Amino acid sequence: MHGPPRDRGGNRRHAPEAPADAPELDCLRDYLAPDLLQAAAERGRLIGVGADRVLIHWGVLDEGSYLFHLAAHTGIGIDTPADTLRSDIPVRDEHLPRIAQHGLLPLRRDGEYLLGIAPRNLTAQRLCRVAMESPAAIQRFRLVPPAQLNQVLLTHAYASLAYAASEGLNQRFPGLTAAPLAQGFHRPWRFRVRHACVVAAVAGLFTLPQLAVVHAVSGLLAIWFLASNVTRIAGALDPRPRVHVSSPLQDRELPVYTVIAALYREADSIGQLLQAITALDYPKEKLDVILVVEPDDHETRTAIARWGPPPTFQILVAPATLPRTKPKALNWALPFARGSFVTIFDAEDIPARAQLRAALEAFRVHGDRTVCVQASLCIDNPADSWLSCMFAAEYAGQFDVFLPGLAVLGLPLPLGGSSNHFRTAALREIGGWDAYNVTEDADLGFRLARAGYRATTFASTTFEEAPVRFGGWLRQRSRWMKGWMQTWGVHMRAPRRLWREAGIKGVLSLNLLVGGNVLTALAAPILLLELALYLGLRAVTVQPIPLFTGPLMALHVAAIGAGFASTVIVGVMGLARRGQLRRSWVLALTPIYWALLSVAAWRALYQLFRDPYRWEKTDHGRAARQQTVPARWKRPRLGPAWARTTAPSARHDTHFTDSA
């Protein structure tokens, strides 16, 4: 921090007044250069925040130093609630998370009620004006450093926050979570259904002709397979309406935007992630970045400290409670989110620089009932292996063709796990993420629909890394398949309730898309085996084959043909829109890819019964990532002063909010 201005003789000279429209700088006029104060005031006016926020984000001074000067100038006391007892906070346990959301801490000191305030946005400016206009009004105010405000919350609400991160959805909406149903009315109901299914299956085997049972099951699988793939083609071919783009928001109109990244064993990727976040075209003073790490992941924590992100980044340590999943980590961060909007990035993500602005524009265009907008995910290492190339074609079809088509049809979207943007209030309203669902994004899309909300897509891209080797691909795809099974099972527990809340579109979307993805992977080898047996037997005999019928085999051929056609059509359309049509050769390997998907699906089904909540980590930082990424993203740039690989300076030491 600069000292008081002095002339050439070393004598202290009077500094010019801080700008009149920035009273929050009055406390600094004897300590910082006038030109610096003027620049901060102009920046604050431009983006609609207090000039104090600008100086702190510039690294000129830290929160503690500013609050010291603000307290001396206004007469508002500073409260450092390190020793605050739970009895000193007159707030019920369930309301404690709102402390972090609003930056307000009710206190009781010596029988007197006070209000602790952690300044944000324009808070310091307003406090200065209140202190000038009505000094008596500030007697019950206390300034609280934001880090200490969060620490108070973690100290006195740790157990309830940890429980809410894991069990909050189950507590608020029992039956809409994949959590174990050990009690309540769902357990006996589920046993009754299982009993009924077993009894019906046994009775069918003994009372119906066995060929009739085989034909019925085989025909049902083929019809489901066919309907799922016809839906994919219909979504891909549906015309896109023209979207009216209004005038862009000015910087001062932009809201605070929260970015959350849940990290585990991401030491190799953290530098790239920090660079990508810093490169976002959004006022840094309005970015609220939360990095969530696991308590046993010392390598990632060390890497974060080595890179030294700005002290305004919040770094939280998730509780060491079960389940150990990404959605639980996201739930842990949600009470600390300050933004009106929140987005999720993965460690390997490289989002388009203007993505946050584009998301806000999408929210404006589609109205208040649209509470989630999904950006396109694009694989940027397709040349690393045929698997990553197939992954690129799959993502291009899914995010650039199929999901936009579903949005036009008004169907609930099975969201991607990254770059989905939410209205924070709606996300909290529906209970956040399901900590027990290992594909939490797909589940969240259907819970939003059941709550009467809408999700859509928008034109922005986030580059991601695809697994290069089969082992990594299998672990990731098995987790996805298992999560889709969980999602289908959860939402089909009460079909009539699902119909009532999500309508026919919700029922069809769940069964044809989520259930269809799993079913096609499970059933494909069965259908192919039946077809191969039929053709083989027809080749050696001209007699009718009781096990197979002509119409049934025709249905099988139609289902398999529709599956291959949907994969190729959607993939080619997606690659064409990405300017990567030359990679469409990989779609000729679709039958091989189907075989691998079947392996992943049957592995997922096994895990669903043996280890349903196991989160198989996808390794990142293993790919070249140089094919479709713009040149500016190929390597992390040095960028701002804090982004360097040497040890951070003392001013930029990373302080972890360790919740252990």
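Student: Where does Ser269 sit?
Tutor: Ser269 lies in the loop between β5 and α9, and please keep in mind that this is a predicted model.

Student: Is Ser269 buried or exposed?
Tutor: Ser269 has a relative accessible area of 5%, and because buried means under 20%, Ser269 counts as buried.

Student: What is the separation between the C-alpha atoms of Ser269 and His620?
Tutor: Those C-alpha atoms are separated by 6.9 Å, although Ser269 and His620 are 351 residues apart along the chain.

Student: Back to β5 and α9, then: which unit do they make with β6?
Tutor: Strand β5, helix α9 (residues 270-278) and strand β6 make a right-handed β-α-β unit, and β5 (residues 257-263) pairs with β6 in the parallel sense over 7 bridges.

Student: And which strand pairs with β6 over 4 bridges?
Tutor: That is strand β7 (residues 314-317), which pairs with β6 in the parallel sense, and β6, helix α10 (residues 298-307) and β7 make a right-handed β-α-β unit as well.

Student: Which residues stand opposite Leu291?
Tutor: Ala261 stands opposite Leu291 of β6, and Leu291 also stands opposite Ile315 in β7.

Student: Why is β6 described as largely enclosed?
Tutor: In strand β6 (residues 287-293), 7 of the 7 residues are buried, so the strand is largely enclosed by the rest of the structure. Leu287, Val289, Leu291 and Val293 point one way from β6, while Asp288, Ile290 and Val292 point the other way, and all of them are buried.

Student: What is the general rule for side chains in a regular strand?
Tutor: In a regular strand, the side chains alternate between the two faces of the sheet.

Student: Changing topic, how many salt bridges are there in the whole structure?
Tutor: A search of the whole structure finds 25 salt bridges. One of them joins the side chains of Arg53 and Glu63 at 2.7 Å, N to O, linking Arg53 in helix α2 (residues 51-58) with Glu63 in helix α3 (residues 63-74), 10 residues apart.

Student: Are Arg53 and Glu63 buried or exposed?
Tutor: Arg53 and Glu63 are both buried.

Student: What about Asp346 and Lys326?
Tutor: Their side chains meet in a salt bridge at 2.9 Å, N to O, and both Asp346 and Lys326 are buried.

Definitions and conventions. Residues are numbered from 1 along each chain as its sequence is written. This is a predicted model: local features need pLDDT of at least 70, side-chain atom pairs count only at pLDDT 80 or more; totals for chains, interfaces and linings use all residues. Side-chain values use heavy atoms; hydrogens and water are left out. Buried means under 20% relative accessible area, exposed over 50%, partly exposed in between (1.4 Å probe, protein chains only). Helices (H or I, at least four residues) and strands (E, at least two) are DSSP runs, numbered from the N terminus. Two strands pair if DSSP finds at least two bridges between them. A crossover is right-handed if, with the strands pointing away from the viewer, the path from the first strand over the helix to the second runs clockwise. A salt bridge is a side-chain nitrogen of Lys or Arg within 4 Å of a carboxyl oxygen of Asp or Glu.
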